[in-house]
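Morning, everyone. Please look at the screen while I talk you through a few contacts.

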Amino acid sequence: MDHVDTSRIIEMAWEDRTPFEAIQRLYGLNEKAVIKLMRTQLKASTFKLWRERVSGRKTKHLKLRSPEVSRGYCPTQYKQR
């Protein structure tokens, strides 16, 4: 895995509406592998913040997701260009 892939996986892991299943489909990493990657790539304090953020978040797992969540990001997440 190269630096660009690692950066994209980290970005996807931080996104609230990008499920772990999407990361697995694109990069072959399951949730445990993503957690391991995040632990090795982030500072300890940043990793802790990320874990607190994603733990129990329903949008990070397709099976727990509401059917109304149909996109990988919130419309207000990115600035309009």
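Which helix is Thr6 found in? Thr6 sits in helix α1. Keep in mind that this is a predicted model.

Let's stay with Thr6. Is Thr6 buried or exposed? Its relative accessibility is 11%, so Thr6 counts as buried. The cut-off for buried is under 20%. And what does Thr6 touch? Leave out residues up to four places away in sequence, and Thr6 touches Met1, Leu37 and Gln41.

Two of those names come back in the next part. Leu37 and Gln41 are in α3, on the side that α1 meets.

So, on to that helix pair. Helix α1 covers residues 3-14, and helix α3 covers residues 31-41. How far apart are their axes? The axes are 11 Å apart, and the helices pack at an angle of about 110°. Angles of 65 to 115 degrees count as roughly perpendicular. The two helices, α1 and α3, are therefore roughly perpendicular to each other.

Which residues meet there? From α1, we have Thr6, Ile9, Ile10, Ala13 and Trp14. From α3, we have Val34, Leu37, Met38 and Gln41. Sort the residues of this contact of α1 with α3 by class: 7 are nonpolar, 2 are polar, and none is charged.

Next topic: aromatic rings. How many aromatic pairs does a search of the whole structure find? The search finds 2.

Take Phe20 and Trp50. This aromatic pair is edge-to-face. The ring centres are 6.5 Å apart, with 85° between the planes. The pair links distant parts of the chain. Phe20 is in helix α2, residues 20-27, while Trp50 is in helix α4, residues 44-54. That puts the two 30 residues apart.

Now Phe47 and Trp50. Here the ring centres are 6.0 Å apart and the planes are at 40°, so this pair is tilted. Where do Phe47 and Trp50 sit? Both are in helix α4, 3 residues apart, which means about one helical turn separates them. Phe47 is buried too, like Trp50.

Phe20, Phe47 and Trp50 form one aromatic cluster.

That's my tour. Questions, please.

Conventions: Residues numbered from 1 in each chain as written. Predicted model: local features only at pLDDT ≥ 70, side-chain atom pairs only at ≥ 80, totals over all residues. Heavy atoms only, no water. Axes fitted to C-alpha atoms, helices over the stretch in contact; angles between N-to-C directions. Helix = DSSP H or I, 4+ residues; strand = E, 2+ residues; numbered from the N terminus. Parallel < 35°, antiparallel > 145°, perpendicular 65-115°, else oblique. Contact = heavy atoms within 4.5 Å. Nonpolar A, V, L, I, M, F, W, Y, C, P; charged D, E, K, R; others polar. Buried < 20%, exposed > 50% of the residue type's maximum accessible area, 1.4 Å probe, protein only. Phe/Tyr/Trp six-rings, centres within 6.5 Å; stacked < 30°, edge-to-face > 60°.
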